[in-house]
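Have a look at the picture, then go through the points in turn.

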Amino acid sequence: MGQLTHVIVRDAWGEPLPRVLCTVKAAKAFVCTPELYESCQRGERMAVGFPLEDVYEYNGKLLTQLAEAFQKKDRKQADALWGKLRPVSSPH
């Protein structure tokens with residue numbers, strides 16, 4: 001197994017999810033959990049597609065802060081934190 005590309009995904013409710021990038025196709029990033037990565041690569045499991053604009057480069061500190069803001073339902077703080085993350089932009 002090669003180097004995994006860890007990312008942060010913003011789900012439909014704004015929750016930050018740590019995931020692994022499987023592939024990028026047609027402006028969608030397909031991601032899964034690290035535990036399912038190899039199964040997804042073999043086609044045994046399906047990766048989940050997200051719009052590319054909802055997938056960001058991994059930053060552990062900001063992920064922790066985002067999770068805290070999400071739990072507190074502090075949308076203003078969460079929006080500010082999302083703005084600090086770098087979007088995933090190039091195919092992997």
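1. Ser39 counts as buried because its relative accessible area is 15%; the scale is buried under 20%, exposed over 50% and partly exposed in between, with a 1.4 Å probe and protein chains only. Setting aside residues up to four places away in sequence, Ser39 touches Glu44 and Arg45, where contact means heavy atoms within 4.5 Å.

2. Some ground rules before going on. Bear in mind that this is a predicted model, in which local features need pLDDT of at least 70 and side-chain atom pairs count only at pLDDT 80 or more, while totals for chains, interfaces and linings use all residues. Residues are numbered from 1 along each chain as its sequence is written, and side-chain values use heavy atoms, leaving out hydrogens and water.

3. Now the sheet. It is an open one of 5 strands, in the order E4-E3-E2-E1-E5, with antiparallel pairing; two strands pair if DSSP finds at least two bridges between them. E4 (48-51) and E5 (55-57) stand at the edges with a single partner strand each, so one side of each has no neighbour in the sheet. On average, neighbouring strands are turned by 50° against each other, direction ignored; the axes are lines fitted to C-alpha atoms, for helices over the stretch in contact, and angles run from 0 to 180 degrees between N-to-C directions. Helix H2 (residues 60-71) lies across E1 and E2, at about 120° to E2.

4. E1 (residues 6-10) runs antiparallel to E2 (residues 16-25), joined by 5 bridges, with His6 opposite Val20 and Arg10 opposite Pro16. That hairpin has 5 residues between its strands, and Gly14 takes a positive phi near 90°. E2 and E3 (residues 28-32) are also antiparallel and joined by 5 bridges, and Leu21 stands opposite Val31. Here 2 residues lie between the strands, and Ala26 in the turn has a positive phi of about 50°.

5. Buried or exposed: how does Val9 count? Val9, in strand E1, is buried because its relative accessibility is 0%. Val9 and Val55 are 46 residues apart in sequence, yet their C-alpha atoms are 4.6 Å apart. Leaving aside neighbours within four places, the contacts of Val9 include Val31, Phe50 and Trp82.

6. Asp11 deserves a look. Found in the loop between E1 and E2, Asp11 is buried yet has no salt bridge, the nearest side chain of opposite charge being Arg19 at 7.5 Å. The side chain of Asp11 does reach the backbone nitrogen of Trp13 at 2.9 Å.

7. Finally, the charged pairs. The count comes to 5 salt bridges, each a side-chain nitrogen of Lys or Arg within 4 Å of a carboxyl oxygen of Asp or Glu. One of them joins Arg10 and Asp54 at 3.7 Å, N to O. This pair links distant parts of the chain, 44 residues apart: Arg10 is in E1, and Asp54 in the loop between E4 and E5. Arg42 pairs with Glu38 at 3.6 Å and with Glu44 at 3.0 Å, and these shared partners join Glu38, Arg42 and Glu44 into one network.

How values were computed:
Helices (H or I, at least four residues) and strands (E, at least two) are DSSP runs, numbered from the N terminus. Lys and Arg count as positive and Asp and Glu as negative; His and the chain ends are not counted. A polar contact is a pair of N or O atoms within 3.5 Å; within protein, one must be able to donate a hydrogen and the other to accept it, and residues adjacent in sequence count only if both atoms are side-chain atoms.
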